Amino acid sequence: MKILAFDTSNKPLSVAVVVDGKVLAHTESTEKKTHSISILPDIKEALKKSDLTIADIDLIAVAKGPGSYTGVRIAVTVAKTLADTLSKNLVGVSSLQLLAADGDQEHILIPLMDARNDNAFAGVYKAVGNKLENVIEDQHTSMEKLFELLKNYDENSLEFINATPRLQELIQNQFPNAKVITTENSLPDAAKLAKLAETIKPVEDVDDFIPTYLRLTQAEHDWYAKGHKDDGNVSYVEEV
Amino acid sequence: MEKDTLIMSFESSCDETSVAIIKNGKEILSNIIATQIKSHQRFGGVVPEVASRHHVEEVTKCINLALDEAKVGYEDLDAVAVTYGPGLVGSLLIGIMAAKTVAFAHNLPLIKVNHLAGHIYSANFVTELQYPFMALLVSGGHTELVLVTAPGEFHTLGDTRDDAVGEAYDKIGRVLGINYPAGKKVDQMAAIGNDTFDFPRAMVKEDNLDFSFSGLKSAFINRVHHADQIDEELNKDDLAASFQGAVLDILVNKTFKALKQHPVKQLIVAGGVSANQGLRQRLAAEMKKRNMDMELVFPPLRLCGDNAAMIGAMAQIQYDKKDFADLDLNADPSLDFDME
């Protein structure tokens, strides 16, 4: 199986080509170049290095979020358009699960994305055999609530991944003995994304594949908070 | 006979996701437009993050519908074109990423198109363009007079100093209790009412070709608020007619000033506000009054708002010049023409 995998859900941009479990090309950049500029040239380069063309690829794997809204949209748009236009299989992998793949698989893994104001996108993962099992589903949560969800675990078994300095401070106050991997040391790796993708079923309808934001937009949140409800008959987008 | 050129074009600069297949820059084989108006009406205007999310939901559906309707496949295409600005950056990026991906996947040249140029070239579907021609570009984001001296050669003669004309319509529409986009309803009310409020016509006495609508908008809003405070009932149709009367006076004044300075054979009116019936009638009447030997061109209503067909029309000119973009193309949210 020939897999093209890429992730832009955070600051790093990672692209990999993995063929039958073997990593043929692998680029990771933390340069401050915009993902929208780099992603296609990087994909082109990775294929060239692998001596493959895009037509040779069997499966497109993409980190589908949560993460930076714009960042996730860039990778998801490229992935779904590639899959659609070339009739390829497409697999979306949680961006948090991808971070967990980088952790010490003996630990309970808690990948994080700082969502400001002591909130985070977080999930809880555990390695079972060669699979990463999702124990507590990905969510947008306050750190306080996250700690509550984790209180029954032995804190020595916990490993928090991708913590910003502020999240690290909160974690160390709560669980002084937990392991914390900081953001600089948590680089999502598209080669691991490709391997995770092999364990996940391809999406059935590429058209309907969208990022996993885990949060409503502020405007929608406010609109529902005012008591508005969706009218089941109204489609918000229509062809004219 | 020369070979036909087929271009797949993308437009996603604001709240419409659109993909078109255009033949030789002149013939629309398909022009799929998915509009998000109903979504943004919940919030009284376009919310950028909501718009970006909808674009991702729609983009591949639009691609497939465009191919189906045109009855062509990727192997028939000669190039892929996309709006890269101006517009909302998050929205622009979806069209750009999708277009770059299609170009890359099928090894097709990529063409980056200025949204404003696209609006102007919507006229290419209506008439044979004769250079130089004048374009009055009126929309929710722009109000410009542009002299087009040769294919793809744009010179902005005048621009708005504050609000775009369509934006002013939406803002006064809100005061009248009309949801975005308010232009069509205000235009209908204006046709019934009379210009009785005598709102200011900004900058009409100045020699430049620039526009200003914020003073007019403020005068309108102040008049309505004042009436509310003293419980005075104002005729809404007359308010609409007075607002539109002022808008049209400003647009006509500057447009004919520009035409006097730059005699041309054609005046193209483009952009969302070019659908305004009051504007269409007024410009025609003014031209007749002045006995001008000039063709007045409005795009059909479907091509007044944002659409990918117009992007394909402009892209053909760039295709002929081999003006191609690379896969590192990025959005340019504040892209504009060069000022004269």
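Reader: Is A:Ile74 buried or exposed?
Author: In this predicted model, A:Ile74 is found in helix H2 of chain A. A residue counts as buried if 20 or more other C-beta atoms lie within 10 Å of its own. A:Ile74 has 29 other C-beta atoms within 10 Å, so the answer is buried.

Reader: Which residues is A:Ile74 in contact with, leaving aside its neighbours within four places in sequence?
Author: One of them is A:Thr8, which is 66 residues away along the chain, although the two C-alpha atoms are separated by 7.1 Å. Contacts also reach into chain B.

Reader: How are H2(A) and H2(B) oriented to each other, roughly parallel or roughly antiparallel?
Author: The axes of helix H2 (residues 69–86) of chain A and H2(B) come within 10 Å and cross at roughly 5°. Angles under 35 degrees count as roughly parallel. The two helices are therefore roughly parallel.

Reader: Which residues of H2(B) make the contact with H2(A)?
Author: From H2(A) the contact takes A:Tyr69, A:Arg73, A:Val76, A:Thr77, A:Lys80, A:Thr81 and A:Asp84. By class, the contact of the two helices has 5 nonpolar, 4 polar and 4 charged residues. On the side of H2(B), the residues are B:Glu49, B:Ser52, B:Val56, B:Val59, B:Thr60 and B:Ile63.

Reader: How many nonpolar residues does the side of chain B that touches chain A have?
Author: The contact takes 38 residues from chain B and 35 residues from chain A. On the side of chain B, strand E3 (27–35), helix H1 (37–40), H2 and H3 each supply at least two residues. That side has 10 polar and 8 charged residues, and its nonpolar residues number 20.

Reader: Within chain B, is the crossing of H2(B) and H3(B) left-handed or right-handed?
Author: Helix H2 (residues 48–70) and helix H3 (residues 89–105) of chain B have axes that come within 8 Å and cross at roughly 20°. The two helices are therefore roughly parallel to each other. Their crossing is right-handed.

Reader: Which residues of H3(B) make the contact with H2(B)?
Author: H2(B) contributes B:Pro48, B:Glu49, B:Ala51, B:Ser52, B:His55, B:Val56 and B:Val59. The residues of this contact divide into 6 nonpolar, 4 polar and 1 charged. From H3(B) come B:Gly90, B:Ser91, B:Ile94 and B:Ala98.

Reader: How far apart are the end C-alpha atoms of residues 27–312 of chain B?
Author: UniProt, in an unreviewed entry, lists residues 27–312 of chain B as "domain: Gcp-like". Over these residues the chain is 46% helix and 17% strand. The end C-alpha atoms are apart by 10 Å.

Reader: Is B:Asp306 buried or exposed?
Author: The cut-off for buried is 20 or more other C-beta atoms within 10 Å. B:Asp306 has 27 C-beta neighbours inside 10 Å, so B:Asp306 counts as buried.

Reader: Where is B:Asn276 found, and which residues is B:Asn276 in contact with?
Author: UniProt, in an unreviewed entry, lists B:Asn276 under "binding site", along with others including B:Gly183 and B:Asp187. B:Asn276 is found in the loop between strand E9 (266–270) and helix H9 (277–289) of chain B. Leaving aside neighbours within four places in sequence, its contacts are B:Gly183 and B:Asp187.

Methods. Residues are numbered from 1 along each chain as its sequence is written. Chains are lettered from A and ligands numbered from 1 in the order in which they are written. This is a predicted model: local features need pLDDT of at least 70, side-chain atom pairs count only at pLDDT 80 or more; totals for chains, interfaces and linings use all residues. A residue is buried if 20 or more other C-beta atoms lie within 10 Å of its own, exposed if 12 or fewer, and partly exposed in between; C-beta atoms are placed from the backbone. Axes are lines fitted to C-alpha atoms, for helices over the stretch in contact, and angles run from 0 to 180 degrees between N-to-C directions. Helices (H or I, at least four residues) and strands (E, at least two) are DSSP runs, numbered from the N terminus. Angles under 35 degrees count as roughly parallel, over 145 as roughly antiparallel, 65 to 115 as roughly perpendicular and the rest as oblique. A crossing is left-handed if the near helix is turned anticlockwise from the far one by less than a right angle, and right-handed if clockwise. Two residues are in contact if their C-beta atoms, placed from the backbone, lie within 7 Å. Ala, Val, Leu, Ile, Met, Phe, Trp, Tyr, Cys and Pro count as nonpolar, Asp, Glu, Lys and Arg as charged, and the others, Gly among them, as polar. UniProt positions are given in the numbering used here, feature names are shortened, and annotations may be inferred rather than shown by experiment.
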